[in-house]
Amino acid sequence: MAYLKLKEINKIYPNGFHAVHNFNLEIEKGEFIVFVGPSGCGKSTTLRMIAGLEDISKGDFYIGDKRANELSPRQREIAMVFQSYALYPQLTVYDNLGYGLTLEGVDEDVIEEKVNWVADILGLTEYLDRLPRALSGGQRQRVAVGRAIIRKVGIFLMDEPLSNLDAKQRVTMRSEISNIARSTGATTIYVTHDQTEAMTMADRIVVMKDGYIQQVGSPFELYFKPANVFVAGFIGEPPMNFIRGKVENGIFRIGGEPMDLRKKPKFDASKYEGKEIVFGFRPEAIELGEKENSFVVNGNVELTEMLGDNTNVYMNINEDRAILKIDPHDTPEVDSNISFSIPYERVYLFDGETEMVIDG
Ligand code: ATP
């Protein structure tokens, strides 16, 4: 049985705004789940309903087999880390870490043992006597995480906990948080708008937009089997290239070049005759030149960016644009005309109206 279950959860704020629609999700014990999506999509609202900080307007939330809608945050046995973690400025790291346990009336000896355990996991041992103002942003963030894990609760909720850190600290904390979550066996729900964080940390990702779940899946599934244009464009950097156009006699044209869509096994050309579709391919899913079993496209190089491990090539293809990711050794001249090939199986086709995937 799932450990956490959200069934048809809705949030309608008192002003009438419907922020979350029919949210369904089952989470296994020990899973690391990431809610991701653009600002305002309802991630924090959903997390706050799970935490008990926000009423559930409609639907049922279960912890184990117990309906938990009416439980207080404390009864839910959760720990939370927010974006704006507030450490007590007048307390040392030791006291900040132990504060929650002190309030609960836990023995000093036990507190000491737990503080030392957490400090060890988070590399804070040598800072235990310091006040927060004498710590770096990353160290403060670790104290905030430590305060949450010290309670050894079963459920760990985090809302953009790394957003105040610089890029390098974020990378380090990303793996630290995943490691801690896994080693403590906690079930974690982590909110971010950063797709890289989602991809690197999650067992499963929930992609949201405008209060609706778009897709739930492993990072691999979301990347290679996106359900719709939104997910395909949201996951991946640079994002998937999309070219819109009409199907005529089973042919789709990119920059005037005919692509015979009958090469795509799941695409029913007759169903889409005269209709608009979206042709998608990832920047790295190409080869330069004209290859077998591929759609061949010609275009003009507008700009190249050499990034070290690859070069991003910005292409003009008549009215359309695309980004290609290639080996820096093959970087073409700006303003030259080049051909590239997209293997049939690496092309995604989406319905132009619903934007749902047809083949890919
Ligand atoms: P962000 O990444 O910006 O935090 P989010 O995906 O977490 O975004 P939420 O904070 O869940 O989004 O907000 C979802 C929607 O609900 C937004 O449009 C927001 O303006 C709205 N909203 C949030 N709180 C309230 C409130 N108390 N009353 C009315 N609407 C609200």
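**Figure 1. Asp-359 and Lys-264 are both buried in this predicted model.** The side chains of the two residues meet in a salt bridge, with 3.6 Å from N to O. Asp-359 belongs to strand 21, residues 357-359. Lys-264 sits in the loop between strand 13 (257-260) and strand 14 (276-281). The pair links distant parts of the chain, 95 residues apart.

**Figure 2. Lys-11 and Glu-54 form a salt bridge through their side chains.** The N to O distance is 3.5 Å. Lys-11 is part of strand 1 (residues 4-12), while Glu-54 is in the loop between helix 1 (43-51) and strand 4 (58-63), so the bridge ties together parts that are 43 residues apart in sequence. Lys-11 has a relative accessibility of 4% and therefore counts as buried, the cut-off being under 20%. Salt bridges that share partners also bring in Arg-48, giving one network of Lys-11, Arg-48 and Glu-54. In general, side chains of opposite charge can pair when their charged atoms come close. The structure holds 14 salt bridges.

**Figure 3. Arg-74 and Glu-104 meet in a salt bridge between two loops.** Their side chains are 3.6 Å apart, N to O. Arg-74 lies in the loop between strand 5 (66-67) and strand 6 (78-81), and Glu-104 lies in the loop between helix 2 (93-103) and helix 3 (108-122), so the pair ties together parts that are 30 residues apart in sequence. Arg-74 has a relative accessible area of 57% and is exposed. Glu-104, at 41% relative accessibility, counts as partly exposed.

**Figure 4. The ligand is surrounded by 13 residues.** The closest are Ser-39, Gly-40, Lys-43, Ser-44 and Thr-45. A polar side-chain atom of Ser-39 is 2.6 Å from an oxygen atom of the ligand. Gly-40 places a polar backbone atom 2.7 Å from an oxygen atom of the ligand. For Gly-42, a backbone N or O atom lies 3.0 Å from an oxygen atom of the ligand. On its own the ligand has 640 Å² of accessible area, and the protein covers 62% of that area. Helix 1 gives the most to the shell around the ligand, contributing three residues. Sorted by class, the shell has six polar, five nonpolar and two charged residues.

Figure 5. Val-93, Asn-96, Leu-97, Gly-98 and Leu-101 are buried in helix 2. After helix 2 comes Gly-105, with a positive phi near 80°.

**Figure 6. Ser-294 is a buried residue of strand 16.** The strand covers residues 294-306. Ser-294 has 11% relative accessibility and so counts as buried. The side chain of Ser-294 reaches the backbone oxygen of Glu-292 at 2.8 Å. Beyond its neighbours within four places in sequence, Ser-294 is in contact with Ser-341, Ile-342, Pro-343 and Tyr-344.

**Figure 7. Val-247 is a buried residue in a loop.** The loop runs between strand 11 (241-246) and strand 12 (251-254). At 0% relative accessibility, Val-247 counts as buried. The C-alpha atoms of Val-247 and Gly-274 are separated by 5.2 Å, although the two residues are 27 residues apart along the chain. When neighbours within four places in sequence are left aside, Val-247 is in contact with Leu-261, Phe-267, Tyr-272, Glu-273, Gly-274, Lys-275 and Ile-277.

**Figure 8. The protein chain has eight helices and 21 strands.** This legend gives the setting for the close-up views. The C-alpha trace spans about 75 × 45 × 35 Å along its principal axes. Of the 360 residues in the protein chain, 49% are buried. Among contacts between residues at least 6 apart in sequence, 65% join residues at least 24 apart. The chain exposes about 17,300 Å², and carbon and sulfur atoms supply 46% of this area.

Terms used
Residues are numbered from 1 along each chain as its sequence is written. This is a predicted model: local features need pLDDT of at least 70, side-chain atom pairs count only at pLDDT 80 or more; totals for chains, interfaces and linings use all residues. Side-chain values use heavy atoms; hydrogens and water are left out. A salt bridge is a side-chain nitrogen of Lys or Arg within 4 Å of a carboxyl oxygen of Asp or Glu. Helices (H or I, at least four residues) and strands (E, at least two) are DSSP runs, numbered from the N terminus. Buried means under 20% relative accessible area, exposed over 50%, partly exposed in between (1.4 Å probe, protein chains only). A residue is near a molecule or strand if one of its heavy atoms lies within 4 Å of it. A polar contact is a pair of N or O atoms within 3.5 Å; within protein, one must be able to donate a hydrogen and the other to accept it, and residues adjacent in sequence count only if both atoms are side-chain atoms. Accessible areas come from the Shrake-Rupley method with a 1.4 Å probe; for residues, only the protein chains shown count as cover. Ala, Val, Leu, Ile, Met, Phe, Trp, Tyr, Cys and Pro count as nonpolar, Asp, Glu, Lys and Arg as charged, and the others, Gly among them, as polar. Contact means heavy atoms within 4.5 Å.
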